[in-house]
There are 2 protein chains.
Amino acid sequence: QMPRGNLETIHHRALVLAQVRKWLDGRMFREAFECMRKLRINLNLIYDHNPKLFLENAQNFVRQLDSISHINLFLTELKEEDTTMTMYPFPVNTPGQLATGTSGKKVDIVCDALRSAMESIDQYKYSLSILTTHVKKTVPELEVALQKVHELRVNPPSATNAVSAEEALKYLLFLVNVNELYDHSLGTYDFDLVLMVAEKSQKDPKEYLPFLNMLKTLEPSYQRYTIDKHLKRYRKALRHLSKCGEEHFTEALNLVKDQRLYGEALGLYPANSSQYKALSCAYAEYLVEQQQAEQAGLLLWRCGETARALQAFVGSASWRSALCVAEQIPLPPDQLALLARDLAEKLVELRRYTEAAILLEQYAKDCEEAISALIAGAVWEEALRLVYLYNRQDIIETNLKPALLEAFSSQTAFLETQRTMFIRHKTRLAVVRELKEKARLQLLDEDVPDCPEAELYSEASSAMTGSHAGSKYSHSNSRISSRSSKNRRKAERKKLSLKEGSPLEDAALLHAMAEVVQSVDKMREEVHSLLKALVLFQFDGQAGKLQHAYGDALQMMEAGLPEVWEGGLQLTQAPITGPNSTANSITASFQQPRPSATQESETPPPPKIRNAVKWKLSILK
Amino acid sequence: QMPRGNLETIHHRALVLAQVRKWLDGRMFREAFECMRKLRINLNLIYDHNPKLFLENAQNFVRQLDSISHINLFLTELKEEDTTMTMYPFPVNTPGQLATGTSGKKVDIVCDALRSAMESIDQYKYSLSILTTHVKKTVPELEVALQKVHELRVNPPSATNAVSAEEALKYLLFLVNVNELYDHSLGTYDFDLVLMVAEKSQKDPKEYLPFLNMLKTLEPSYQRYTIDKHLKRYRKALRHLSKCGEEHFTEALNLVKDQRLYGEALGLYPANSSQYKALSCAYAEYLVEQQQAEQAGLLLWRCGETARALQAFVGSASWRSALCVAEQIPLPPDQLALLARDLAEKLVELRRYTEAAILLEQYAKDCEEAISALIAGAVWEEALRLVYLYNRQDIIETNLKPALLEAFSSQTAFLETQRTMFIRHKTRLAVVRELKEKARLQLLDEDVPDCPEAELYSEASSAMTGSHAGSKYSHSNSRISSRSSKNRRKAERKKLSLKEGSPLEDAALLHAMAEVVQSVDKMREEVHSLLKALVLFQFDGQAGKLQHAYGDALQMMEAGLPEVWEGGLQLTQAPITGPNSTANSITASFQQPRPSATQESETPPPPKIRNAVKWKLSILK
């Protein structure tokens, strides 16, 4: 009989899938499998179609297929992908299986389920498939597979359908690269297994035998360490090496340093041992290099290395811990005083005046310097407290009052520059927005559906970063918040330029204004305490002026914010409709760059005004 | 001749205005005025049409009109309104006058300009109009007007066209209510003037003569005080009374108390006088009543009332100032210690542990209690500093370590509840948004142009405020930020309800989630210091767990934020277009309530995660 052409092998995919689904629903796995194999339908569907049903019928599935090679085929085709979502979506109007609550990886779940099914049916018959389930797992369990092969060799099963160790190993080598398998066999520390794999491999016995023989001469822990190190499993290597006694500690310490396993190492030695101390010191050295001197200090302190701990704490300006350690050593009083002065100097540089004052007062016993630091930091109340505590009222006239008046001058001057800058930016912003709005309307008139002007506006400027007068101004007698956040914001703003006509000038102006408002709002606490100090010393006139100037500045900025931050929004929120508008043009008119939400990095959120922080004195008019 | 009907009096308004404008441009004020008066065009236009031109030609205007009654008519019709903006807008295509830079009120500007013009032309002829310019000012200058009338009476001018004092007063009484004029005449402290007005008025001489006679017997300052008090001009009254010598001080003090003129009063007496002290005390009493005890303390302290100042400072927990005053008194050591303990107790209640510790350590000399306060406040480093400063290492075992472990437990428990709450809210939010989106699409399908669903969603809920589990949780060993801001936020949220199905449930969920994130983010500093303390005392296990839990919570929340805060935005940003859409339906689909910007009070801005605040220890895995 002549072939009748290919016609009979043409199937309608949808019809076939429907049939496969029916079989699967009916637990007729064999029929489904045969059909899918023949028509090259991805076998994952067997599981994906109804994972719960499959897992409940794993034994059933094995029994129906009843073929090692078929099961292996299914196993090797397993992928994480859910084919009902990608290749074979459920037909419309079918209530799809809800996402099953099973956690974990699909491949691992299926492998584990089938292995347990096969083991309960006939572990000898299915041993090759069982090996496959180990190899296929997300993290292949090669050691376990090798162990099973080894078992076959040591205790050859009497069952007639059992495979030999030889066959099993051959199969494994078919699944896995031989060098990988050799390494993993080494990793079991079982030399029989290693030899078995080595013999099957193409490796030269002259190459591996000397190594294996050398290993055999070693003490067990050290042997394992050597193997792990050879396999670059440094964590395991360290664990074994730590059990090899003190004579190997130098080696361990070097391993720790080389591989930076400090944290692990500390967990392997008792906290009061000399090794623990040595490791802590090594760790501390590393941490100091990593600019983590404070944590280094903690490690050194707790293992009793006080002198080095002190150094680390001084290096990180952790003055409280430094002093604790100094008292514990104990440092003689004159050295303690010197240390305190050193640390105080550092803290003053960091504008941490209150802390510097504690050092000077309590450890250097120099109340005059302490008060000076507090006055320099505008910490008026605390300065006054020390003045009275040490009965040094003379300092009020010589230092405190002049400093108060200077602070008054610098604060009012600072407020004036901030006011001016806010107004200048606000005026310019209105101009820029008008220009952009004009440009927008012009472009919309031309009804370009892809909205190229949006791109035009959001294009990052390559222009030079405009100089920003605000951040240049530094006023004395004032604490300035962490530099780091300021630098970060500056970096973010690098692409923004205040230069007139730069593409993102409006965003740059908003950023600059937000910073101005923030810097003025931040003064609440400082102004409040300055006002109280001025009043106390009868400088009512200056206090009144400052209160007035600050209140005015805050009010002006708060009143200006809604227009500045919502002004742009209102402009663009009016839809451009009319006889010439189209669905696209209306849509485009809404999709203009908005000042909020969408362009987070370009337009900052409106600055917060902390009206909850009261600063005004009611006794000043 | 018979009347020819009204036809000739009908004019086209636009043509007339055009003619008036031409006259005004040509400085033909007389023609313009006559025409406008006849056709009842608002006379303000004479100025409004071109303010600069008018002011430059004020004399010209007066000369052209050359009529007291016409000038008075113009003056009395003056209003702040700009008629070119309201009644008589410039014709289209005319370059309108740009907003003139003149500051101040229009009425005042015109009055002053015309007065100076008339005075330079003929102050006698125009004296009635000059009086009008005083009366018409925003704040009528009645005293000046009266003074001018008085001048006419005392020195009757020889000019023939001058009006008599009699006539002028009559005219003034026509413009101003007689009682008001009488009061103002009294206010000039000029009895001649008073009598002149009184005689012209309908007042009974039996009524005012005794009062005037009584006044005449008084010492000048006291006389003025009596008049000002009679006219309820208490500030002026106080100023005059303060010049009346010590025998009247009690009266002054009562006036100050009655009228709460404390601030003014302090400015009227020298700072070292007994009166200043008495006023300060009275002011302080008032301030204490007004919950401003700290400011009361400042006033009392600076005038030497130390005992009362101390009381005020204690009342306002201004412990630094309280101690300064106590040292100044000086309080005996045992009383100072008691005071310190009292204040420390207050501060502990306010969760200001560090400050409480300073009091206990330095003034009550009780380092043990100081350390306890610091441990209670989770201020580990400072606690440890005192432990070593006072050589009390025993406290580490008895108190510090147990407190550290307790803090570890409470922090991990707190983190767990916050995690759970965040997830619960997030899940529910997704459900609510889906429901609303469905409702929105349904309503848009019906193409209702006025978008009533937006109203439906933004309608404030009248439902009960849902209980908010988050704010109920209080964890020990942790400083909690100012209650006030929390209460404020609570009040804002009152209309929001977390109850399922409440109209603003999504906004309420956002608020609740923002609070959760904020409260977790706020723990950075505290967790950091707890981690360091745990490591120092070898509690590496707990430290590791806490670092893990906190890192997880932060990461989970940070990862969830974009979806939560922008999820709604993305949903609504896809325009609903299609064959059935109309300009209205597209517009409506954009005008959905957005989660940001527009509905400020309902949807909070996304909470800030302060990634700049580093808290992790690199030595913990």
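# A working chat about a predicted two-chain model

Colleague: To begin, among the contacts in chain A with a separation of 6 or more, what percentage comes from residues 24 or more positions apart?

Modeller: Residues 24 or more positions apart account for 65% of those contacts in chain A, where contact means heavy atoms within 4.5 Å. This is a predicted model, in which local features need pLDDT of at least 70, side-chain atom pairs count only at pLDDT 80 or more, and totals for chains, interfaces and linings use all residues; side-chain values rest on heavy atoms, with hydrogens and water left out. Residues are numbered from 1 along each chain as its sequence is written, while chains are lettered from A and ligands numbered from 1 in the order in which they are written.

Colleague: How many helices and strands does chain A have?

Modeller: Chain A contains 33 helices and zero strands. Both are DSSP runs numbered from the N terminus (helices are H or I with at least four residues, strands are E with at least two).

Colleague: And what share of chain A is buried?

Modeller: Of its 621 residues, 48% count as buried. Buried means under 20% relative accessible area, exposed means over 50%, and partly exposed lies in between (1.4 Å probe, protein chains only).

Colleague: What is the accessible surface of chain A?

Modeller: The accessible surface of chain A is about 31100 Å², and carbon and sulfur atoms hold 53% of that area. Such areas come from the Shrake-Rupley method with a 1.4 Å probe, and for residues only the protein chains shown count as cover.

Colleague: Which residues touch the most other members of the largest nonpolar core?

Modeller: They are Trp380(A) and Trp380(B), in a core of 228 residues. Another core, of 35 residues, lies apart from it, and its members include Phe33(B), Leu78(B), Tyr126(B) and Ile130(B). A nonpolar core is a set of buried Ala, Val, Leu, Ile, Met, Phe, Trp, Tyr and Cys residues joined through side-chain atoms within 4.5 Å.

Colleague: Let us look at one helix residue. Is Ala514(A) buried or exposed?

Modeller: Ala514(A) is buried, with a relative accessible area of 10%. This residue belongs to helix H30 of chain A, residues 505-521.

Colleague: Which residues does Ala514(A) touch?

Modeller: Leaving aside residues up to four places away in sequence, Ala514(A) touches Trp565(A), Pro604(A) and Pro607(A). Ala514(A) and Lys608(A) are 94 residues apart in sequence, yet their C-alpha atoms are 8.9 Å apart in space.

Colleague: On the backbone now, which residues does a cis peptide bond join in chain A?

Modeller: A cis peptide bond joins Ile329(A) and Pro330(A), with omega about -15°. Pro330(A) sits in the loop between helix H21 (319-328) and helix H22 (333-349) of chain A. In chain B, a cis peptide bond joins Ile329(B) and Pro330(B), with omega about -15°.

Colleague: What is phi for Arg27(B)?

Modeller: Phi of Arg27(B) is positive, about 60°, although this residue is not a glycine. Arg27(B) is in the loop between helix H1 (13-25) and helix H2 (29-38) of chain B, and is partly exposed at a relative accessible area of 40%. Arg351(B), another residue other than glycine, has a positive phi near 65°. Arg351(B) is in the loop between H22 and helix H23 (353-363) of chain B, and counts as partly exposed at 29% relative accessibility.

Colleague: How far apart are the closest N and O atoms of Asp48(B) and Lys106(B)?

Modeller: Those atoms are 2.9 Å apart, and the two residues form a salt bridge. The pair links distant parts of the chain, 58 residues apart: Asp48(B) is in helix H3 (residues 44-48) and Lys106(B) in helix H7 (residues 106-122) of chain B. Both Asp48(B) and Lys106(B) are buried.

Colleague: And what of Lys137(B) and Glu141(B)?

Modeller: Their side chains meet in a salt bridge at 3.1 Å, N to O. Elsewhere, Arg320(A), Arg352(A), Glu355(A), Glu382(B) and Arg385(B) are joined into one network by salt bridges that share partners.

Technical notes. A salt bridge is a side-chain nitrogen of Lys or Arg within 4 Å of a carboxyl oxygen of Asp or Glu.
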